[in-house]
Amino acid sequence: LISHQPQKLSQYIEDKSLQDHFKDTNTNTEGSRIEPIDLISNMLVKLRSEEERDIEERELSISYKDFIKKYVDIKINDNQEQPSLLIHNRRKKDEGLFLECYNLQASDDFISSFTSIDGISKIEARLLADDTQYDFSCGQIPYALSIKRQSKPSVIKPKEILLKDSYLDVLLPFALTMEVNDLFKNMADKYFTLLGFKIEKSKVSDSSEFVLEEMKSTDVFIPVGHALASRNLEIGTRKSELWVLTREATGNEKYGVRIKILLPEKSEESVSLSVEDLSQSYEERLLNDQNPLFVFLQTCHGEGNLPIWSLIYNQAMGNAKVEDKGLIPYVIASKRGFATSSNVEIAGSVLYLTDLFNSLAQGKSPTDFFNYLKSRKYGKFSDELVKTFSERGFPSLIAKPMIKKMLAGEDSNVPNFEPAYNLSEENIEMTLNRTGRQFTITRNGKEIISSETY
C-alpha cells in the first residue's frame, strides 16, 4: 500500500480516526519511537532512494525534519506559515535536482499535503538541468536560480591508516536516545567487560564540542542512530555519559583498542552536527597531516551518506587551502534497515562493532573489513555471543548460561550488514571525482544564497 496505493492507506487512517497514531512524537521518553509512522518513514526513505516516482504520488505523512536533513541541499524560508523553497536530489545522482515550492502545514511537523501555490496544483517539482537559469515564483515572490556544473581536479585515494600509537582509537556517539535504558547499559557493561575491556565512566557537558574535538585525531568514527544523515548528523544529547573502554592487544592483534562511547542523557535536548561543523573539524586533520578518518555508520539505509563525506572533505580541503594528500575518509554504511524494538535487537549491532575493531586491531584495512562484511553471515545473537566469548577464552559450557542470563532469556537473529563502501567499484568514481553544482539564487533581483554541492 505504501508503495503502490498510498491514497487508500491514507483514507483508511482518516476513516478510522487513526491520525494520532501516525504522528511522529519522538522524544527521549519511553515508547516514543514505536508509532506506525516510525516504520512507515523508514520504508518511505528506502522507497525514495530506489523508485522513480514523484513526490505527489506519496501522500502519506513523512517527518519534515527527516526529509530535510536527508535530502535537501538548499532550503529557503524557515517560516512554516509561508511557502518554502527546496532544492534537493530525490532520484539518482546524475538525473539532476528538483525544485519544490510548497506550504508546510503550520500545525504539525509533517509533509502531509501540498496546497496550491500560484495556480500550481499540489506541488511544483521540476527536474533541473545544469548550466541553466530558471525564473519562477514561490508564494508570489519572484526568484531566479542559476545552476552551473563544476568540476575540480579529482582527489586521490586515501592513504593507508597508520596508527599514531599502540591503540586503535574509536569514537562512538550513540543517538538512539530513547533506547538507552538501565537494562541496555547493564548488557553493554557486561559484554565489554567479558571481552577484556576496562571501563571508565564520566560525564560530558557539551557533546557537540567533545565530538568535534575528538574527530580531529580519532582513527574511527562510528555514529549510531535512526536514519542518520551526515548533512545534519545526530550525535545524541547535549549532555552525555562518557564511557572510555580500553583493551590491550592480545593474540594476533597488533594494537590495543580504546573506544569512547557517548550515551545520551534522559530529558536532554538532542543535538546534531552540520556539514560545516564536520568539515571544520576535518580541516584540523588536514593541517596536522593526520590519518584519513574511517567512518562506519550504523544506521538504517545509510548508503546515501557516502557522497556527503566527500563534500565534507572537499570543503575542509578548500578551507584549509592545502593540497590533496590522500586524506579523504573511508566510509562504510549499510544498504538495509535494522530492527530496534527491543534491547536485544539493538544490542545485536554490537557484533558489527566487535568485528570492526577486531579486524583493525589485527592491522587489516577498511577495504579488508568491507570485503569481510560482504561475506559475513550472522546468526542468532546468543550463538554469535558464544563464538565471540569462546574466541576470548570462555568455554562454551560456561559461556552459554552466562549469555542466557545476560540476555534475560531473549534472543533474535542478527541481520547481515549488507555494506556500501565509498571506495568500492560501484562508488569510487563518485567519491574521487569532484564534480558538483554551483547554485546562485536571487529573490526580487537580490542574491540571497550561493552554495555548492557534490
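Visitor: How many cavities of 30 Å³ or more does the structure hold?

Guide: Four. Keep in mind that this is a predicted model. The largest cavity has a volume of about 280 Å³.

Visitor: What makes a space a cavity?

Guide: A 1.4 Å probe fits there but cannot get out. Rolling a probe the size of a water molecule over the atoms shows where empty space is left.

Visitor: Which residues are closest to the centre of the largest cavity?

Guide: They are Phe184, Ala188, Phe192, Ala347 and Val350, out of 19 lining residues. The largest share comes from α4, with five residues.

Visitor: What classes of residue make up the lining of the largest cavity?

Guide: There are 17 nonpolar residues, two polar and no charged ones.

Visitor: How many helices and strands does the chain have?

Guide: It has 13 helices and 20 strands. Eight strands form an open sheet with mixed pairing, in the order β10-β13-β14-β9-β11-β16-β17-β18.

Visitor: Why are β10 and β18 called edge strands?

Guide: β10 (198–204) and β18 (419–421) each pair on one side only.

Visitor: What makes β9 and β11 a pair?

Guide: β9 and β11 (residues 220–221) have two bridges, and at least two are needed, so they count as paired. The sense is parallel. Valine 170 has valine 220 in β11 as its bridge partner.

Visitor: What about β16 and β17?

Guide: Strands β16 (residues 294–296) and β17 (residues 330–334) share three bridges, so they pass the cut-off of two. They also pair in the parallel sense. Valine 295 stands opposite valine 331 in β17. In general, strands of a sheet pair through backbone hydrogen bonds, either parallel or antiparallel.

Visitor: Which helix packs on the sheet by touching β16, β17 and β18?

Guide: Helix α10 (residues 366–375) does. Its direction makes about 150° with that of β18. Helix α4 lies across β10, β13 (240–247) and β14, running at about 15° to β13.

Visitor: Why is β9 called mostly covered?

Guide: Seven of the seven residues in β9 (residues 167–173) are buried. Both faces are covered. On one side sit Tyr167, Asp169, Leu171 and Pro173, and on the other Leu168, Val170 and Leu172.

Visitor: Why is serine 310 called buried?

Guide: Buried means under 20% relative accessible area. Serine 310 has 5%, so it is buried. Serine 310 lies in helix α7 (residues 306–320). Leaving aside neighbours within four places in sequence, serine 310 is in contact with Ile328 and Thr431.

Visitor: Why does lysine 321 count as exposed?

Guide: Exposed means over 50%. Lysine 321 has 73% relative accessibility, so it counts as exposed. Lysine 321 is in the loop between α7 and β17. Lysine 321 also has a positive phi of about 55°, although it is not a glycine.

Visitor: Why is glutamate 418 called partly exposed?

Guide: Its relative accessibility is 38%. That falls between 20% and 50%, so glutamate 418 counts as partly exposed. Glutamate 418 is found in the loop between α12 and β18. Its phi is near 55°, a positive value in a residue other than glycine.

Visitor: What makes arginine 149 partly exposed?

Guide: Arginine 149 has a relative accessible area of 35%, so it too sits between the cut-offs of 20% and 50%. Arginine 149 is in strand β8 (residues 141–152). Arginine 149 and arginine 437 are 288 residues apart in sequence, yet 4.7 Å apart in space, C-alpha to C-alpha.

Visitor: What share of the chain is buried?

Guide: Buried residues make up 52% of the 454 residues.

Key
Residues are numbered from 1 along each chain as its sequence is written. This is a predicted model: local features need pLDDT of at least 70, side-chain atom pairs count only at pLDDT 80 or more; totals for chains, interfaces and linings use all residues. Side-chain values use heavy atoms; hydrogens and water are left out. On a 1 Å grid over the protein atoms alone, a cavity is a set of points where a 1.4 Å probe fits but cannot get out, and a pocket is an open set with protein on both sides within 12 Å along at least five of seven lines; lining residues have an atom within 4 Å of a point. Grid points are joined across faces, edges and corners, and a volume is the space filled by probe spheres set on the points. Helices (H or I, at least four residues) and strands (E, at least two) are DSSP runs, numbered from the N terminus. Ala, Val, Leu, Ile, Met, Phe, Trp, Tyr, Cys and Pro count as nonpolar, Asp, Glu, Lys and Arg as charged, and the others, Gly among them, as polar. Contact means heavy atoms within 4.5 Å. Axes are lines fitted to C-alpha atoms, for helices over the stretch in contact, and angles run from 0 to 180 degrees between N-to-C directions. Buried means under 20% relative accessible area, exposed over 50%, partly exposed in between (1.4 Å probe, protein chains only).
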